[in-house]
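Dear colleague,

Please find below the structure that I am handing over to you. After it, I set out what was found.

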Amino acid sequence: MIDAATEAFFVLIDPSRLFYLLIGVSIGFTVGFLPGIGGTAGMALLLPLLFGMDPYAAMALMIGIVAVNNTADTFTSVLFGIPGSASSQATIMDGHPLAQRGEAARALSASFIASMIGGLVGAVVLLLSIPIARPLVLSFRTPDLFMLTLFGLSMISLMAGKRPLRGILVGILGLLLGTIGGAAGTPEYRYTFNWLYLYGGVPIPVAVAAFFAIPEIITFLAGGGTVSRTGRVEKGSLQGAKDALKHWLLIVRSSALGAFMGIIPGLGGATVEWVTYYLAKATAKDKSQFGKGDIRGVVAPESCNNAKDGGSLIPTLLFTVPTSGSMAVFLGGLTILGVEAGPRMVTTQLPITIAIVWSLALANIFGTAMCFIMARPISKLTTVDANKFAPFLIVLICAGAYQSTQHWGDLALLFGIGLFSWFLRILNWPRIPFIIGFVLSEGAERYLFISMSRYGYDWLARPTVLVIGALTLAVILTAIVLNRRGATFQEPGPGHRQVEDGSGVP
Amino acid sequence: MLKQRLSIGLSLFLLLLMLAAALNAQEFGALARYFPLSIAIAGAILALVELVLVRNSELTEGNDDKHLENQLRGGLSHLAALAAYLVAITTLGFFSATVGYLFLAVWKGAGLRLLHSFVLAVAACAFLYWSGTYIGLAFPAGFIDNLALSALSF
């Protein structure tokens, strides 16, 4: 383990790979900062570039986005009261009041330091879980892997929002789209309609870009105007850093909670943030300033939402169970690189796993530094007309989608699926279930086919199968209970404010 | 009302899609058939239930039809522009189409001056070409791009 960690570290600090880490951090910073775009869309932009890349560099690129997204989304939350992503809603409660009374720099710098510490805690949690998870995953057989895939698919019920039927329907659509092309276990092609392009299936980058990036950008363009009217960053950065270090115990506690809750699929960044915020308030001796500009109301949620990334990578990497939309896209990225998530991540691919841990740690440090540097110029960007920068994003998406197969079919699918997804968006249908179904479709069918071929129906009686099946049922029942209580999942859009007890897409 | 009608339309579309997928799956071999057929049948049933629910219920999410109309109008026009851009990519070539798209987007959409818009569009394409070539990206070539690249190579 130590040898693998050392090897992975020296592999990662190769200048060419560090370069990609910095690019990922830059992209993560940009999409985290722009409200409504989000880490999922940012990853979607990135996927086409992964073809043929060195796996370590590609991991660094993807982790750079994931790690920094939750740091950069603080800008608009603090400066304008608009959550940069669903994971920065709670930060508005005290961050924006601080900005309103001229202490924006203090709030921002405290949140950056808290985010960095949170991210490092998350990386440590991920590293420590590897030796514990190793014997566990090695005991898994194909039926168990199928049940884990089913467990992952059950997340659809948690992410389905107020109308679970719609979420499940969209998830089924994703499953169906994943069956296009070659069948698992048999030499046959499905739903190709004699179009050679579809023999390889729908490319993941095209589906993800079409489903997430296109609707967000079109909505931005249609809405017009600027992201926000005002934004200024005054002095006070040093005070903010001191505040963060003063409340180090709160930060560590919130980070640990965030890392633990990140392991649980379907909770979402917003839920994790709100839980930590309310816990920080409940355990504070003096609660009078919470909601009016208490710095603890900034550092607690910000540290937990970065730590959550480390926790959420555990089930994603080790059990192929994506805990969120961005993790589902991340899983898609692994597929493109030929890296198989699951037991191999703690055996033959252990160096890659540990490289991810190192990438997470370094990305948080670099991202924090970048946030400090970019604080002033970034605040001006939010006053730029959406029509001035959104077309450039469209161009990047189209160029990126074309890299999938370098066929005009990539562009055709991009538009067709993007149009459909945009309709889903404006009608408030959930979209995250689609990507979960799409990414897990092939694995589900393959594991089921092998399980039936190898074990017949006997695999249904395996203890691990029964345990995971019970957990799957528990997830679905939890979703039903949450839905009845009104504490449901809702995907926010640009400028969306959500202060009810709901979670959102990270 | 508009939102409800659109939701009904969407549910109907999904129902028809699932039914078509299930019918198409009948032509597959036995092993290739069971997975998509099961999914499609389940999807069709759920789509039918959703269709009935939407048709019979009043929407409680807010009847902001005006807002939806604005979203539709604005969104569809931008989607039409995107469609035109994609067609232009496949016929004229990526860079020619991109210069035209960016130019029109920032000139008409953002209100920048004519010359500034053109320079910005060309600069963005030049940067994209240079960086894309450096990292090995492929761009669709059309007849105008081919002519331009041939002229530049002399």
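This is a predicted model: local features need pLDDT of at least 70, side-chain atom pairs count only at pLDDT 80 or more; totals for chains, interfaces and linings use all residues.

Residues are numbered from 1 along each chain as its sequence is written, chains are lettered from A and ligands numbered from 1 in the order in which they are written, and side-chain values use heavy atoms, with hydrogens and water left out.

Chain A as a whole

The secondary structure of chain A consists of 20 helices and two strands. Here helices (H or I, at least four residues) and strands (E, at least two) are DSSP runs, numbered from the N terminus. Chain A has 506 residues, and 65% of them count as buried. Buried means under 20% relative accessible area, exposed means over 50%, and partly exposed lies in between (1.4 Å probe, protein chains only). The accessible surface of this chain is about 17700 Å², with 65% belonging to carbon and sulfur atoms; such areas come from the Shrake-Rupley method with a 1.4 Å probe, and for residues only the protein chains shown count as cover. If one takes the contacts in chain A between residues at least 6 apart in sequence, 79% join residues at least 24 apart. Contact means heavy atoms within 4.5 Å.

Salt bridges

Over all chains, the structure holds eight salt bridges. A salt bridge is a side-chain nitrogen of Lys or Arg within 4 Å of a carboxyl oxygen of Asp or Glu. One of them joins A:Asp144 and A:Arg462, whose closest N and O atoms are 2.8 Å apart. This pair links distant parts of the chain, 318 residues apart: A:Asp144 lies in helix α8 (residues 142–158) of chain A, and A:Arg462 in the loop between α19 (432–455) and α20 (463–485) of chain A. A:Asp144 is buried, with a relative accessible area of 0%, whereas A:Arg462 is partly exposed, at 22%.

A:Arg190 and A:Glu445 also meet through their side chains in a salt bridge (2.8 Å, N to O). They too belong to distant parts of the chain, 255 residues apart, with A:Arg190 in strand β2 (residues 189–190) and A:Glu445 in helix α19 of chain A. Both A:Arg190 and A:Glu445 are buried.

A further salt bridge is formed by A:Asp294 and A:Arg296, with closest N and O atoms 2.8 Å apart. A:Asp294 is buried because its relative accessible area is 8%, and A:Arg296 is buried because its value is 17%.

A:Asp309 is located in helix α14 (residues 296–319) of chain A. Is A:Asp309 buried or exposed? A:Asp309 is buried, since its relative accessible area is 4%. Its side chain is joined to that of A:Lys308 by a polar contact of 3.5 Å. A polar contact is a pair of N or O atoms within 3.5 Å; within protein, one must be able to donate a hydrogen and the other to accept it, and residues adjacent in sequence count only if both atoms are side-chain atoms. Leaving aside residues up to four places away in sequence, A:Asp309 touches A:Val66, A:Ala67, A:Asn70 and A:Leu360.

The contact of chain A and chain B

This contact takes 53 residues from chain A and 63 residues from chain B. The two chains bury about 5200 Å² between them, 79% of it on carbon and sulfur atoms. Buried area is the accessible area (1.4 Å probe) that two parts lose on being put together, summed over both. Across this interface the rule finds one salt bridge. B:Glu50 forms a salt bridge with A:Arg166, with the closest N and O atoms 2.7 Å apart. Five residue pairs in polar contact are found across the interface of chain A and chain B (both at pLDDT 80 or more).

A residue of chain B

B:Leu37 is placed in helix α2 (residues 30–56) of chain B. B:Leu37 is buried, with a relative accessible area of 16%. Residues up to four places away in sequence aside, B:Leu37 touches B:Ala22, B:Ala25 and B:Gln26.

Yours sincerely
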